[in-house]
Amino acid sequence: MEIYLDSLTKNYRKIKALDSINLKIEGHGCTGLLGPNGAGKTTMLKLCTNIIKPSHGKVELNNVNVAIYPEKALEPVGALIEQPEFYSYLTGYEILEFTSKIKGIGKDEFKSEMKRLGELTGIDAYADRKTGTYSRGMKQRLALSVAMLGNPEIIILDEPTFGLDPKGMVDVRNIIKDIAKEHLVLLSTHLISEARELCDRTIIINGGKIEYDSAMSAERSLLKITATNSIDITGDKIKDYSRDGNVFIIEKNPSFSNYDIIGDLIKQGLKIEYVEKFDNLENIYVSVIGGKAKDNNFS
Ligand SMILES: Nc1ncnc2c1ncn2[C@@H]1O[C@H](COP(=O)(O)OP(=O)(O)OP(=O)(O)O)[C@@H](O)[C@H]1O
């Protein structure tokens with residue numbers, strides 16, 4: 001199971017919705033795309049499922065190019081993109097049956113799938129009702145069941161808990177946790193708490209770019225330094241830094257200690273007030289988003 005994005009770019013006229021994304025996701029587990037409104041999350045998931053085509057670059061699913069061979073590439077994929085809407089006069093069962101025919105699932109397999117999905121999502125409790133009578137949470141369970149039908153290896157979910165009440169959120173998150181035990185799940189969320197709870201790997205995107213990838217940051221050692229002045233800092237001890245007023249988030253070169261860094265910064269003229277370790281997702285999010293979404297308009 002593998003999702004591979006190579007220089008993936010999507011422009012909408014003047015808007016660069018995705019900007020040269022390179023990413024590889026392998027094996028089972030849940031990967032979350034976290035980012036503010038307009039970051040490019042849905043665009044990435046739509047490109048992965050061939051709802052839209054890239055301006056440059058490519059998506060490969062299990063080594064098959066999605067834009068060139070969509071049918072083959074999407075064979076191992078179940079997806080839930082944007083809010084699920086179903087024909088209101090059909091029952092959940094009828095929708096699943098209809099989908100199973102499109103997916104080429106035989107009658108016997110469909111029966112066993114209904115049993116499996118019932119256990120996974122609880123859809124069996126109201127499969128005989130018309131979807132026009134479903135609550136949002138029921139629709140979401142049905143949508144997850146549709147995505148899971150045929151047991152695809154790769155599951156792509158756009159904001160799967162959006163609009164659900166707290167109980168609905170807990171239920172759907174539990175379903176996703178179960179799914180991720182054996183499948184590759186790629187989902188988007190704008191909730192830090194959801195990413196923390198669900199995701200084995202979290203990727204923060206903003207302005208169409210990957211700003212943070214937890215898989216790349218095992219060695220990342222961040223310091224938050226609050227100073228009474230603000231200067232440009234340099235040197236081989238510091239791998240990268242961002243600055244918001246007099247607050248610096250510093251990624252240090254792992255071969256140096258915190259004391260080395262602080263001594264160096266004082267030498268450079270930084271008047272340090274206090275230093276904190278900076279390693280949880282909230283802090284990382286604030287440091288990379290900087291409290292505001294980036295404008296990804298070209299002009
Ligand atoms: N069909 C479109 N036409 C023009 N611009 C679009 C279109 N779809 C998305 N965009 C723009 O592309 C950028 C990324 O949008 P996208 O929907 O991917 O963000 P998102 O991270 O999913 O945001 P949200 O959390 O609000 O759903 C935004 O600037 C958005 O306005």
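I looked up the nonpolar cores, meaning sets of buried Ala, Val, Leu, Ile, Met, Phe, Trp, Tyr and Cys residues joined through C-beta atoms within 7 Å, and found that the largest has 56 residues, with Cys 48, Ala 147, Ile 155, Ile 156 and Val 185 making the most contacts inside it. Helix H5 (residues 136-148) gives this core its largest share, six residues. A second, separate core has nine residues, including Phe 248, Ile 250, Ile 261 and Leu 265. I note that this is a predicted model, in which local features need pLDDT of at least 70 and side-chain atom pairs count only at pLDDT 80 or more, while totals for chains, interfaces and linings use all residues. Residues are numbered from 1 along each chain as its sequence is written.

For burial I counted other C-beta atoms, placed from the backbone, within 10 Å of a residue's own: 20 or more is buried, 12 or fewer exposed, and in between partly exposed. Glu 60 is partly exposed, because 19 other C-beta atoms lie within 10 Å.

I then checked contacts, which need C-beta atoms, placed from the backbone, within 7 Å. Leaving aside neighbours within four places in sequence, Glu 60 is in contact with Tyr 4, Asn 65 and Val 66. Ile 156, not counting residues up to four places away in sequence, touches Leu 45, Cys 48, Thr 49, Val 77, Ala 79 and Leu 186.

Lastly I looked at Thr 99, whose C-alpha atom is separated by 24 Å from that of Glu 60, 39 residues apart along the chain.

Key: Contact = placed C-beta atoms within 7 Å. Helix = DSSP H or I, 4+ residues; strand = E, 2+ residues; numbered from the N terminus.
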